[in-house]
Amino acid sequence: MKIVRLLLDSLYKIPVVNKAEPLIEAIDAALFGTTDTTQRGPHIVDAIDTKRYMSCAIAALLPATLASIYFYGLRAILIIAVSYMAGFFVEFMFAVVYKHKIHEGFLVTGLIFPLVLPPTTPLWVVAVGVMFGVLFGKEMFGGTGRNIFNPALVGRLFITIAFPAIMTISWLMPITDATFTDKWLTPFGDTAITDAITAATPLAVYKTTKVVASFPDLLTGNTAGSMGETCRIAIIIGGLFLMFTKAGNWRIPVSYIGSVFVFAAIGNYFLPDSIAPPGFQLFAGGLMFGAFFMATDPVTSPFTCAGKYTFGIMCGVLTVLIRSFSGYVEGVMFSIVIMNALAPLIDHIVLSLKYRPVKV
Amino acid sequence: MIPKYKAFPRGYEFKNFEGQPEGKLIQIKIPAGVTIPLRQGFGNEVTPVVEPGQRVAAGQIIGRDDESVSSPVHSSVNGKIAKIGKIDYLGREVGAITIESDGTGDWQKLQGCSSDWQGLSAEKIGELIYLSGAGASGRAGIPTEFNSSVIAPAEVENVIIQGVGSEVHNLSPDVLLKGEGLSHFIEGLKILKKVMAGARFHLVLNKSQKSLINEVSQLLPTDNLINFFTVTPKYPVDHDEVLTPLLLGGKFPHGYSVANIGVVVLDIQAVLHVYEAVAEGKSLIERTVALCGPGFREKLHVKLRLGSPLEHVIRDNVDADKKLRLVLNSCLTGQRLSDLSLPVDRTFTTVTALLEENESQFLAFARPGFRRDSYSRTCLSSLFKKNSKMFQKTCGTNVHGELRPCIFCTFCEEVCPVSIIPHLLFQHVERDVIDENLLRYKIFDCIECNLCSYVCPSKIPVAEFIKKGKSGLISEGFEIPAPDTALKGLEKYKSVE
Amino acid sequence: MLLKKVLGAKGYKIVKKGIWGEHPVFSACLGICSALAVSNKVENAIAMGAGVTFVLVATAVFISALRTLIPQRVRIITYMIVIASFVIIVDKTLQAFFPDISEAVGPYVGLIITNCIIMGRAEAFFIQNKISHSVLDAVSNGVAYSYTLILIAVIRELLGFGTLLGMKVMPGGWENWVVMTMAPGAFFLLGLAIWIARAIQDAGSEKEG
Ligand code: SF4
Ligand code: SF4
């Protein structure tokens, strides 16, 4: 520990290396914590900081991450690694140019992003997507805390529009029974991927054939889908953890999932041809993942309580509508992004209803 | 009498922190010299009525001013006046009388006191309360006919007696009410009832103190003259601004004190002082103070003569090699006590010794946090609700993290006791947008409890920004919105500096 | 500094301002609509840039020469007539000699008439300055517009089609960025370009100040 300390201290002093000061500082702060003390009241403060907050979000993502690694092997690890590296690069460049500290937010973005990708995504597309997301989804607005859209979603949507061929057709069944070599020794996955069964996602299957996937399959993740979105059990465990630690507010997932259920139930009753049954809607596609990990992003969702419920409910309605009546099979990401854009407006309305303007 | 539970939906309960004072009470030796500030507790500064060199007895009035809103101050020791001068009392210059003590412990009785107080007139009781100095208790004094508060006894509609203790460290009511204390307390209640005959009385205790609640409910007069409540000790439920609306409904007159709406809020010790003054003729020369926090060797309660220098009180109880920060009354809003010669006066309830934690901790953010407190449940300590010694939460002055932009986690909004949105206000002030929008978002409702700064994961001094916003608004000519109810004793309230 | 000698102090200043300091697209956000529409391929961008530059110069000459004769109240109409005449010349030339480009650029040539850069410069500069300075200003603004357009077009064509001026340059297996061929791609790139340019301008002015 002492050695690390000495090493860091000397790094600050070496002329060329200390250009990377934000990086050294970030490592320093992460390893050693702060020596600052409170000045005026309050004299003691809560032990949480943004690092702990973000670590909890990452811990909550771990079950889903592990599931995706179990399903897709080395490939999943590579995609996650590339996403982190490219995202960190952008974050780092901005910290250097604009001389601010490296903020912890990208740690979560860098993990959410690969988990919503199809396992076949080429690595360079992963890099492009995450860089675009961090750049246009976050840094452009002034960094963590000021962004309007969830950066991971911006990146994901960008590559969906930019590379429709890659992003919409290449789904894979989880290669659970692939041989060890296929999964772990062929990183670029050519054989593993070409050999694996390309399959449609349950939602796509439903759209064309009206066949509902079986619940055990949906729960354990034995369906095609994005890397981290399929194993719903892992997502639910992580999501509950997230809400327990208060790193994610429970109001949004509850109202989101609840409204999907309610509207799907109503819709399915009246229009059984186009709207899938509610139970299936809940567990299919990216709903669970989106509701727990993307819609809850505190920065891009409304901060008022009423606003949070509104946000969740409208996300739910949009998701059901897009899934049932649009050309796309999945509507979770679109609805969250649309609602991200509306979040400031929702807050504004809630606030102006709650607080009457004062006459001066 | 069975107490009624009042739920307070906001705030934050500080559980199981290290350094709670034990149930032990020791008497501090009479010091060689005391300094008596001429302004102690509520009221204006009084004028000295003694000369340097004059001999005084403990309990003798050495400063009073019957014209302005004030209460007299007393010599707390037998001895000789050494000096009449000025001291710096927590950043404010206050007149003070220094007395050399002769070390004897007896004290002078007030004229006309009687253990059979029932026979005294309300007028006489009021006078005893005034003369004893107990009238300066609470945030706006105990109303008597003698200008000890901004309102007259007849104007009082409600009296709230509270022994909740929602701070991180609290004086234990058990210590105060041990033995005869409890019956004295009940008597004290009855005395107050006689002075403020028109008022309804309310007693609030900490929900978790079961045995005390039991004893009190057995002893309370059954004539339904006192409403008995319990609350969960969620900070800052025992602050006047929160407690009054919680028990009585209505709205706190922000910018004024509870007395202006006819309410008197007192703590248990104030009631005991009243009893001692009226039944025993003892002036306010002694007080119980809790020494808490990890910095003290022994965490206990001490009974001391007012005016004793702080150093005299804590001397035997601290290690010289530890770097300490002494805090008065509250870890959240209390002032730092850096001058050890400061005399302990009527406003002292707890003195907390915190360790200055300016050492960094290796991988602090990834530690499980068995002994760390957090509003979020990101520390494992949140799994252990029991008061076990092993998982006692540490309290030091480290900020535990770096300053970051607000992430809209809304923790501050969830805990804010007055339901305003701290992060919204602070963002306005941070961007220097000081305009009527701040009024619209009710910035003046903030009671400066500092809880929002406590919980913020981004380590933003939210409450400080809000204070800045308030003073900015006032300097720009905005006014604190006037309360809707008519206020009492405004003239007098404004006359107190 | 040869340029400074040739153009004279004022002329040099005008050129510097037009090409960088008061860049029509970056600083004034003029001419954005056509920049978004025709920057999908480099050849279109070149044609468009040349067309706009030509119209700008010609307008500069005319307006500047007539500046004392044009009555104040009808000056906007006069600009329109002058600009429209030259735009028609450009349009017909393109149709005659470069029918492919004319097809691709289509209505945007006609819309040069309403291109804010030309109107803006006419109103802000040509009507108040002598011919030589007006022409310098026109050329530099035209160049600034063109290089911006071409820059964006190069990136868009490379990423969106994998080609440059119609020639395949990207290696085999190249995946086209569909988004780059659509308007959003142009939005992102133009936004990025303006961002970077302003950051550099700010840094420059900080140094000077
Ligand atoms: S805004 Fe004021 S009242 Fe609310 S938590 Fe902060 S300091 Fe306390
Ligand atoms: S607690 Fe801090 S970070 Fe969270 S919303 Fe309030 S000010 Fe923002």
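Predicted model: local features only at pLDDT ≥ 70, side-chain atom pairs only at ≥ 80, totals over all residues.
A salt bridge is a side-chain nitrogen of Lys or Arg within 4 Å of a carboxyl oxygen of Asp or Glu.

**First selection: the two domains of chain A**

Please select residues 12-33 and 48-244 of chain A, which form domain 1, and colour residues 249-353, which form domain 2, separately. The centres of these two domains, taken over C-alpha atoms, lie 21 Å apart.

Next, display the residues where the domains meet: 35 residues of domain 1 of chain A are in contact with 36 residues of domain 2 of chain A. Together the two domains bury about 3200 Å², and carbon and sulfur atoms account for 79% of that area. On the side of domain 1, show Leu153(A), Leu203(A) and Lys207(A), which supply 20% of the area that this domain buries against domain 2, more than any other three residues.

Polar contacts are present, however, with a count of four residue pairs, both residues being at pLDDT 80 or more.

To follow the side of domain 1 that touches domain 2, select the helices of chain A that give two or more residues to it, among them H3 (50-72), H7 (151-162) and H13 (232-244). H13(A) gives the most, with seven residues. By class, this side of domain 1 has 23 nonpolar, six polar and six charged residues.

Now bring chain B into view. Here 52 residues of chain A are in contact with 71 residues of chain B. The two chains bury about 5500 Å² between them, of which 59% is on carbon and sulfur atoms. Within chain A, highlight His43(A), Ile44(A) and Tyr355(A): these residues lose the most area to chain B, together 14% of what the chain A side buries.

To see a salt bridge in detail, select Lys51(A) and Glu402(B), whose closest N and O atoms are 2.4 Å apart. Between chain A and chain B there are also 22 residue pairs in polar contact, both residues at pLDDT 80 or more.

The side of chain A that touches chain B has 23 nonpolar, 17 polar and twelve charged residues.

How values were computed:
Residues numbered from 1 in each chain as written. Chains lettered and ligands numbered in written order. Heavy atoms only, no water. Domains from an automatic or database assignment. Contact = heavy atoms within 4.5 Å. Buried area = accessible area lost by both parts, 1.4 Å probe. Polar contact = N/O pair within 3.5 Å; in protein donor to acceptor, adjacent residues only side chain to side chain. Helix = DSSP H or I, 4+ residues; strand = E, 2+ residues; numbered from the N terminus. Nonpolar A, V, L, I, M, F, W, Y, C, P; charged D, E, K, R; others polar.
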